[in-house]
Amino acid sequence: MITTTLKDQPIGFALTEEQRLIQETVREIAQKEFAPRAAEVDKNHRFPRENFELLAASDLCGMFFPEEYGGAGLDHVCYAIAVEELAKACATTSVLYSAHVSLTAAPVYSWGNEEQKKNFLAPMARGEKLGAFALSEPGSGSDSAAARCKAILKGDHFIVNGVKNWITNGIEADYYLVIAQTDSALRHRGLVALMIEKGSPGFTFGKLEDKLGIRGSSTCQIIFEDTPVPVSNMLGGIGDGFKVAMSTLDGGRIGIASQAVGIAQGALDHSYKYAKERVAFGVTLNQLQAIQFMMVEMQTEIDAARLLTYQASVAQDRGQPFTQEAAMAKLYAAEVAMRSTVKCVQIFGGYGYVTDYPVERHMRDAKITEIYEGTSEIQRIVIANRLLKGQ
Ligand code: CAA
């Protein structure tokens, strides 16, 4: 659904023709194809493989990678726009897409050598292979440097042993970017980033999670028992794993900010429609000041969150540091998504609390944006480190 606020073309930020085209293209695909099955995907916890295949067929999986690696050569603003449009329709699809593009393919582009780009990036950019990112563990989420999954160098292979938790695209992926520890005494300076393929010896799947939201995205534990990984699958060098992970999350957080903006806008768009139709006390809801004020506040905050997200994307496109901008966008957008979707449920009243309308799903989907790719508390730490300590 298209509404008529400034949200599509914020003042001071005119979208280019290319960005506008991506917005229209992804919006059409998402509203026509993904929105109608979003409730079923959620209800059945079903991974919508066909959505990923359509994104691949539409040349969207390699969004900001050069054409020589199977990408589309577009900018990061286009990527943010695409994730928002997907999230408006189906948050599950937006996260399976962003975990693939910004958490797995992007670090291969930034940290990989030519051979790794040909072997891993190109098939992911073309959407032939699906990626997943494995950093968290049962005992380490926010404290990434405490990872205990071991990678011991033996000849030309690492032998990997350990468990990784909360893996988006879980059992569905083909390539896993795994952060593992070569020497725990070195903490973050002992970590390595390894590309591990599904089907590698000793690589199995653990618990499949039963989640509050984004229920169609496969989230599971992955387990390595004496899994041999060629040294040639390492991104960067020994000890670079933490920097690979953190720099990847910088880009990933823009994806989650876009997802949060999309979830919030999606819920509000449904509320605009409902408020025009629903009658109470002899008038439609949109004529009641209590409802108007809620909507005004929501749209103002969503527009601000979108601008923060674009600001971070522009900094990334310019090659400027954008760690702080990405953390600010994610922090703000996630909190806006949570409070907006709660208000949207309120506008729908009892109808907001049942699955007949999509706003309850948007509310459940919103919560994870305050948690994954760094909780809101972690974003505050990242921002404070840059703002106050000059890191
Ligand atoms: N880019 C590159 N390098 C970075 C960096 C960045 N953004 N941030 C930090 N570094 C470097 C530092 O320069 C420092 O380098 P030196 O060793 O050379 O000095 C090193 O990393 C350590 O930095 P810190 O001292 O700041 O690290 P820390 O241990 O204090 O941790 C933290 C900082 C912010 C808490 C970090 O651990 C963090 O972001 N944690 C949250 C992790 C997270 O987001 N997890 C989510 C899991 S992924 C997910 O959700 C999956 C999914 O599928 C959706």
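Q: How big is the largest pocket, by volume?
A: The largest pocket has a volume of about 1,200 Å³. The model is a predicted one.

Q: How many residues line the largest pocket, and which lie nearest its centre?
A: The lining has 46 residues. Ser136, Gly141, Leu249, Glu373 and Gly374 are the ones nearest the centre.

Q: Now cavities. How many of 30 Å³ or more turn up in the whole structure?
A: The search finds 1 cavity of 30 Å³ or more. The largest cavity holds about 30 Å³ of space.

Q: Which residues line the largest cavity?
A: Its lining is made of Ala80, Glu84, Ser258, Val261, Arg306, Thr309 and Tyr310. Helix H3 (76-89), H6 and helix H7 (289-317) each give two or more residues to the lining.

Q: Which element gives the most there?
A: H7, with 3 residues in the lining of the largest cavity. By class, that lining has 3 nonpolar, 2 polar and 2 charged residues.

Q: On to helix H8. What span should its 26 residues have?
A: At 1.5 Å a residue, H8 (residues 323-348) should span 38 Å. The C-alpha atoms at its ends are 37 Å apart, which agrees.

Q: Is H8 mostly covered or mostly uncovered?
A: Mostly covered, since 19 of the 26 residues in H8 are buried.

Q: What comes just after H8?
A: Glycine 349, with a positive phi of about 60°.

Q: Which residues in H2 are buried?
A: In helix H2 (residues 49-57), Asn51, Phe52, Leu55 and Ala56 are buried. These four cover an arc of only 140° around the axis, so they sit on the same side of H2.

Q: Why would residues a few places apart point the same way?
A: An α-helix has 3.6 residues a turn, so residues three or four places apart point the same way.

Q: What covers the buried residues of H2?
A: The cover includes helix H1 (17-44), H3 and H4.

Q: And what follows H2?
A: Aspartate 59 follows H2, and its phi is positive, near 60°.

Q: Where is arginine 187, and what is its phi?
A: Arginine 187 is in the loop between strand S4 (175-181) and strand S5 (191-197). Its phi is positive, near 45°. Arginine 187 is partly exposed, with a relative accessible area of 40%.

Q: And phenylalanine 281, buried or exposed?
A: Exposed, at 81% relative accessibility. Phenylalanine 281 lies in the loop between strand S9 (279-280) and strand S10 (283-284), and its phi is positive, near 55°.

Q: Back to helix H1. What does aspartate 42 touch?
A: Aspartate 42 is in helix H1 and counts as buried at 8% relative accessibility. Leaving out residues up to four places away in sequence, aspartate 42 touches Arg215, Arg361 and Arg364.

Q: Last one: where does histidine 157 lie?
A: Histidine 157 lies in strand S3. At 28% relative accessibility, histidine 157 counts as partly exposed.

Q: How far apart are histidine 157 and tyrosine 176?
A: They are 19 residues apart in sequence and 17 Å apart in space, C-alpha to C-alpha.

Q: What is histidine 157 in contact with?
A: Leaving aside neighbours within four places in sequence, histidine 157 is in contact with Ile152, Pro228, Val229, Pro230 and Val231.

Terms used. Residues numbered from 1 in each chain as written. Predicted model: local features only at pLDDT ≥ 70, side-chain atom pairs only at ≥ 80, totals over all residues. Heavy atoms only, no water. 1 Å grid on protein atoms, 1.4 Å probe; cavity = no way out; pocket = protein on both sides within 12 Å on 5 of 7 lines; lining within 4 Å. Points joined across faces, edges and corners; volume = space filled by probe spheres on them. Expected span 1.5 Å × (residues − 1). Buried < 20%, exposed > 50% of the residue type's maximum accessible area, 1.4 Å probe, protein only. Nonpolar A, V, L, I, M, F, W, Y, C, P; charged D, E, K, R; others polar. Arc of directions from axis to C-beta. Contact = heavy atoms within 4.5 Å.
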